[in-house]
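Thank you all for coming.

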Amino acid sequence: MEISPETREAVKIYKALGEPTRLNIVKLLANEPDQCCVSLGEKLRTVANSTLSHHLKQLFECGLLDSRKEGTFIYYSLNREVAEKYAPYLLK
C-alpha cells in the first residue's frame, strides 16, 4: 500500500510534536513569533543551545516553523497554515 505525501507530512509533524520540548517550542512561538535561538533558550531555560538547535531543525524540516536570517541570527515563527491544518489546538 502506497503512503500519500500528505500522510508522510502528517507523520513527520506528529512525530516532531510528540517530543515535549518541541511541543513547548511550538506553543511558545504560537504566542510569541519571530524568536531567535538565544531568546528561545532564555525562555525555555532547561534546554542547552545545541539541543535547542536540533529541535528547531526538526520543527523547521517538518514544516511547522518558518525562519528568516538577520545578520548572524535566525528568527523562527510558527507556520500558522501548517499548524492550522495538522494541530489547530496550538493556535488557541
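Before the first number, a word on terms: on a 1 Å grid over the protein atoms alone, a pocket is an open set of points where a 1.4 Å probe fits, with protein on both sides within 12 Å along at least five of seven lines, and its lining residues have an atom within 4 Å of a point. Grid points are joined across faces, edges and corners, and a volume is the space filled by probe spheres set on the points.

What you see is a predicted model, in which local features need pLDDT of at least 70 and side-chain atom pairs count only at pLDDT 80 or more, while totals for chains, interfaces and linings use all residues. Residues are numbered from 1 along each chain as its sequence is written, and side-chain values use heavy atoms, with hydrogens and water left out.

With that said, the largest pocket has a volume of about 170 Å³, and the residues lining this pocket are Val 11, Lys 12, Lys 15, Ala 16, Arg 22, Gln 58, Glu 61 and Cys 62. By class, the lining holds three nonpolar, one polar and four charged residues, where Asp, Glu, Lys and Arg count as charged, Ala, Val, Leu, Ile, Met, Phe, Trp, Tyr, Cys and Pro as nonpolar, and the others, Gly among them, as polar. The largest share of this lining, four residues, comes from α1; helices here are DSSP runs of H or I with at least four residues, strands are runs of E with at least two, and both are numbered from the N terminus.

The largest nonpolar core has 27 residues, and Leu 17, Leu 52, Leu 56 and Leu 64 have the most contacts inside it. Two or more residues each come from α1 (5–17), α2 (20–31), α3 (37–44), α4 (49–61), β3 (73–78) and α5 (80–86), and α2 gives the most, with six. Such a core is a set of buried Ala, Val, Leu, Ile, Met, Phe, Trp, Tyr and Cys residues joined through side-chain atoms within 4.5 Å; buried means under 20% relative accessible area, exposed over 50%, and partly exposed in between, with a 1.4 Å probe and protein chains only.

Finally, two backbone details. Asp 34, in the loop between α2 and β1 (35–36), has a positive phi near 65° although this residue is other than glycine, and Asp 34 is partly exposed at 34% relative accessible area. Arg 45, in the loop between α3 and α4, also is not a glycine and has a positive phi of about 60°, and Arg 45 is exposed, with a relative accessible area of 74%.
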